[in-house]
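Hi,

Here is the model I promised to pass on.

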Amino acid sequence: MANEIPLEKKLQERVKELSCLYAVSSAIRKHSESVPDTLRKICDITKKAWLHAPNAIVECQLDKIKIKTSDVPLQSVFQTSEIKIFGEIRGHINVHYDEIKFNQTDFLPEEYTLLNKIAIEISEFIERLETKQKEEILKRGIERNDRLSILGEITAGIAHELNTPLGNILGFAELIKSNTKENQTQKDIEKILKAGIYSREVVKKLMFFACEMPQHKEFILVKPVIDQALKLLGPNFKKAKIEHIFHMENPGLEAQLDAIQFTQVLFNLLINAIYVAPENSRITIEVSNDSENLTLKIKDEGPGIPSDLKSKIFEPFFTTKPVGDGSGLGLSVVHGIIKSHRGEIITFDNVPSGTVFQINLPLKM
């Protein structure tokens, strides 16, 4: 191919390059489709800007997204430019020619400069998208924490208000039970007592959620607490036909915790895991630590949590269980206890199936 390009042709190429940059910017500015669709448009625009446009093949790869205007020849000459997102190389954009018909000199130096500018446009486009997504996640997190804080104040008040009448109901029910011999009355009183005890447990969970329960934090060995919880839940595992595995990197690890509340966290998470886990599956409990924090992971092999529900699971009274199977306070209690221990709890998908609950707690308050 001839390398000498007439002046008029050079001017035409410059116009094409400027038009290309404008078209790429417009495609990004009007972005209302998926990222792959926008990248496909950019590839189509880029192809038209090269000197031998009919023979040019544009290929763009960003993370797992791969776009090309047509099949790339097994042997090609090409120009390439890296796509960097926040300084990290996440992909590239290439322009190819078939090596049989073209060689590297058929690319113009200005085309390489243009390709770099297009790569920068793509990088800035993705950076803006990811920044916006992070801001949305942060905003939702702040809103959720505010909502939980308000709910905590409300539920603490409700719990205090309910404690006294519940105590009276249980007290008088016990008095009537001890003073009557009539069989039907005994049965009715038993129902009242059971309902009252259940209600008192709900109030206790509300107080846990609102962090109103008195705490006694002291340095304790973590492993014996987990061992004891697993031992007490042994019949539950056996009945559900589920195996459990406990692994701890440092068996002598100590942390400043309220042992009773930490046990409550273990019970709630493990009972939930048993509830969702299929027969003959496995629940794994892992504990690791660094110099400042411990990390507890509870992994099940159940169906997992739908993505649209993940942001709601720690809210009080939210439950996916049938009526009567749960109050919707278990994970709220866990969240309240972890928060009061200055820790955090997150959840993510297990692989290949199930859910992982991860708790991060400081070793020292």
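This is a predicted model: local features need pLDDT of at least 70, side-chain atom pairs count only at pLDDT 80 or more; totals for chains, interfaces and linings use all residues.

Residues are numbered from 1 along each chain as its sequence is written, and side-chain values use heavy atoms, with hydrogens and water left out.

Back to that pair. Helix 5 (residues 222-232) packs against helix 7 (residues 259-276) at about 45°, and the axes are 10 Å apart. Axes here are lines fitted to C-alpha atoms over the stretch in contact, and angles run from 0 to 180 degrees between N-to-C directions. Helix 5 is therefore oblique to helix 7 (under 35 degrees is roughly parallel, over 145 roughly antiparallel, 65 to 115 roughly perpendicular, and the rest oblique). On the helix 5 side, the contact (heavy atoms within 4.5 Å) is made by Val 222, Val 225, Ile 226, Ala 229, Leu 230 and Leu 232. Helix 7 brings Ala 259, Phe 262, Thr 263, Leu 266, Phe 267 and Leu 270. The tally is 11 nonpolar, one polar and no charged. Helices (H or I, at least four residues) and strands (E, at least two) are DSSP runs, numbered from the N terminus.

Now for helix 1 (residues 7-29), where you will find Leu 21. Leu 21 is buried at 18% relative accessible area (buried is under 20%, exposed over 50%, partly exposed in between, with a 1.4 Å probe and protein chains only). Leaving aside neighbours within four places in sequence, Leu 21 touches Leu 114, Lys 117 and Ile 118.

Most residues other than glycine have a negative phi, and most peptide bonds are trans. Phe 86, in the loop between strand 3 (76-85) and strand 4 (88-98), has a positive phi near 50° and is partly exposed at 46%. Lys 241 has a positive phi near 60°; it lies in the loop between helix 6 (234-240) and strand 6 (243-248). Finally, a cis peptide bond joins Val 351 and Pro 352, with omega about 10°.

Cheers

How values were computed: Ala, Val, Leu, Ile, Met, Phe, Trp, Tyr, Cys and Pro count as nonpolar, Asp, Glu, Lys and Arg as charged, and the others, Gly among them, as polar.
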